[in-house]
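The following note sets out several points on the packing of a single chain.

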Amino acid sequence: MKTPDKPRTLRDAHEIATDRRPAPDANPSVWLAFRQANARMYETVADVDRGHHHEALYWADYERRQAGEVSAKIQGSKSKPE
């Protein structure tokens with residue numbers, strides 16, 4: 001089954017996130033973009049899939065926290081002397 005481009009359900013959003021997940025060793029900037037896009041996607045799904053509203057908001061917040069951690073790692077690596 002092909003995953004839709006615009007998720008209409010929380011399940012769709014999870015499938016999209018899984019399909020576009022970067023490789024574990026991908027550049028942190030790729031991971032940051034992935035996490036930020038997921039947060040936006042889950043926020044949108046929260047408004048569309050009202051039966052999973054709170055769960056989708058949880059996932060949006062989770063992705064924002066993960067993005068914050070990646071961002072902190074990126075900033076930390078920039079401040080280290082080479």
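Contact here means heavy atoms within 4.5 Å. The model under discussion is predicted.

1. On His53. This residue lies in helix H3. Setting aside neighbours within four places in sequence, His53 is in contact with Ala46 and Asp47. Is His53 buried or exposed? Its relative accessible area is 16%, and His53 is therefore buried, the cut-off being under 20%.

2. On the extent of H3. The helix has 27 residues and runs 39 Å from its first C-alpha to its last. That span is close to the 39 Å expected at 1.5 Å a residue.

3. On the buried side chains of H3. The buried residues in this helix are His53, Ala56, Ala60, Glu63, Gln66, Ala67, Val70 and Ile74. Against which helices do the buried residues of H3 pack? They pack against H1 and H2.

4. On H1. Leu10, Asp12, Ala13, Glu15, Ile16 and Ala17 are buried in this helix. The buried residues of H1 pack against H2 and H3.

5. On the pairing of H1 with H2. The axes of these two helices come within 10 Å and cross at roughly 170°. H1 is therefore roughly antiparallel to H2, since angles over 145 degrees count as such. On the H1 side, the residues that meet H2 are Leu10, Ala13, His14, Ile16 and Ala17; their counterparts in H2 are Phe34, Asn38, Met41, Tyr42 and Val45. By residue class, this contact comprises eight nonpolar, two polar and no charged residues.

6. On the largest nonpolar core. It has 10 residues in all: Leu10, Ala13, Ile16, Ala17, Met41, Tyr42, Val45, Ala46, Ala56 and Ala60.

7. Apart from neighbours within four places in sequence, Ala60 is in contact with Ala39, Tyr42 and Glu43.

8. Ala46 belongs to the largest nonpolar core and is in contact with His53.

How values were computed
Residues are numbered from 1 along each chain as its sequence is written. This is a predicted model: local features need pLDDT of at least 70, side-chain atom pairs count only at pLDDT 80 or more; totals for chains, interfaces and linings use all residues. Side-chain values use heavy atoms; hydrogens and water are left out. A nonpolar core is a set of buried Ala, Val, Leu, Ile, Met, Phe, Trp, Tyr and Cys residues joined through side-chain atoms within 4.5 Å. Buried means under 20% relative accessible area, exposed over 50%, partly exposed in between (1.4 Å probe, protein chains only). Helices (H or I, at least four residues) and strands (E, at least two) are DSSP runs, numbered from the N terminus. Axes are lines fitted to C-alpha atoms, for helices over the stretch in contact, and angles run from 0 to 180 degrees between N-to-C directions. Angles under 35 degrees count as roughly parallel, over 145 as roughly antiparallel, 65 to 115 as roughly perpendicular and the rest as oblique. Ala, Val, Leu, Ile, Met, Phe, Trp, Tyr, Cys and Pro count as nonpolar, Asp, Glu, Lys and Arg as charged, and the others, Gly among them, as polar. The expected span of a helix is 1.5 Å times one less than its number of residues.
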